[in-house]
Amino acid sequence: MMNNSGSVLLITMLLIASLIFTACANKPAEPAAPAAGDNTEEGDIVIGGILPMTGAIATFGQSSKKGVDLLVEQVNAKGGVLGRKVVFKVEDNKSTQADSATAAQKLIQQDKVVAIVGAVASSNSLAAAPIAQEAKIPMVSGSSTNPAVTEVGDYIFRAAFIDPFQGAVMANFATKDLKAVKAAIMTDANSDYSIGLGNVFKDVFTANGGTIVSEVSFVSGDTDFNTILTTVKNAKPDVVFVPSYYDTVGLILNQAKNNVGFPAEVKFLGGDGWDSPALFELAGDAANGHYFSNHYSPDVDSPEVKAFIDAYKAKYNEVPDALAALAYDAANMILTSIEKAGTTDAPALRDAIAAVELNAVTGKIKLNEKRDPVKSAVVIVVEDQKQKYFTTVNP
Ligand code: PHE
């Protein structure tokens, strides 16, 4: 029979053994261990995706996934990365913060991904990033533009420009191109992206000598904007800045024209969050004549854009939006860096991503010390319910 101190010793030893075991199990396996019930094989390089495949901003997730799937197909057709097949595993964050955090945990702990593409909405990236940072798994958001995202830590990167630039582009566009002196701002109070971008617009527009005549807010999921639109209209702005996503913007534009009777000369302006075919379904012709900033336009001719559009059209029979292009670029940052580092090992991969230089679809990607690229924006005008390239603004 074991005495008391003997059993304490045994329990302690078991505890230590299980701690060591857990520590090993948490380390990203290389090569990745195949999970049951999917097409992953021993030795594959597994990349995770945290994307809104369903919910309020589902077109963002669907386009992003198509972009990454295309890249992975192209890369595997050329023999993979480090001679290994690449597998892309997507977790649907349902357009929410809570599911973004869960998705990060699952991808890291269960699927043993070596890096993550995502999320799209800045608030969702902010929910996932601390988990990736803590686990030291590089996370590259294609499209999150709020500065705070990459501030989470040295394992967090992005392929997109940031909102201080994007907001200035649209404020300067309002002042210089549209000669606006009075602006209204409508923001989503639950979105870090919307609040941040609205603030930048306000600062730059007032620094340009303009006045903000009305500021109102709403939240994603709202469907009736008539009251706040009436408030805004009564303030008689020259332009109305709506830094929000297509699900709300589509309805806002529709109700502004058809219910509240905004005069056609009042221009609505927005940011990249307007980029969705669903915007035109929700707004109909009420979107025509308004402007927003974006990361890329299929109308711009560059060898990278052309090759991407040709391949995307061949695979999906549609023209890619900016989300598809940005996710393609983000995944490319990861895969190029794995090849360059010669390993999927976290610290080496992190360093390689930080040093990446890529002639990407959405422009040249070279990260500054904050892990943000410095890139051009395009201004898009809506014509005949379609996006049309208007101009390019360099940083
Ligand atoms: N920039 C947005 C955000 O940070 C996401 C987005 C990017 C949406 C590009 C559409 C197009 O929340």
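Trainee: Is Tyr296 buried or exposed?
Mentor: Tyr296 is buried, with a relative accessible area of 4%. Buried means under 20%, exposed over 50% and partly exposed in between, using a 1.4 Å probe and protein chains only. The model is predicted: local features need pLDDT of at least 70, side-chain atom pairs count only at pLDDT 80 or more, and totals for chains, interfaces and linings use all residues. Residues are numbered from 1 along each chain as its sequence is written, and side-chain values use heavy atoms, leaving out hydrogens and water.

Trainee: And Phe308?
Mentor: Phe308 is also buried, at 2% relative accessible area.

Trainee: Why is the pair of Tyr296 and Phe308 edge-to-face?
Mentor: Because the ring planes of Tyr296 and Phe308 stand at 75 degrees, with the centres 6.5 Å apart. Rings of Phe, Tyr and Trp (its six-membered ring) pair if their centres lie within 6.5 Å; planes under 30 degrees apart are stacked, over 60 edge-to-face, and the rest tilted.

Trainee: Which residues do ring pairs link into a cluster with Tyr296?
Mentor: The cluster consists of Tyr296, Phe308, Tyr312, Tyr316 and Tyr328.

Trainee: What lies over the face of Tyr316?
Mentor: Lys66 does, at 5.5 Å from the ring centre. The criterion is NZ of Lys or CZ of Arg within 6 Å of the ring centre and within 35 degrees of the ring normal.

Trainee: Changing topic, how many aromatic pairs are there?
Mentor: The count is 16. One of them joins Tyr291 and Phe390 edge-to-face, 5.4 Å centre to centre with 75 degrees between the planes.

Trainee: Are those two residues buried or exposed?
Mentor: Tyr291 is buried at 11% relative accessibility, whereas Phe390 is partly exposed at 39%.
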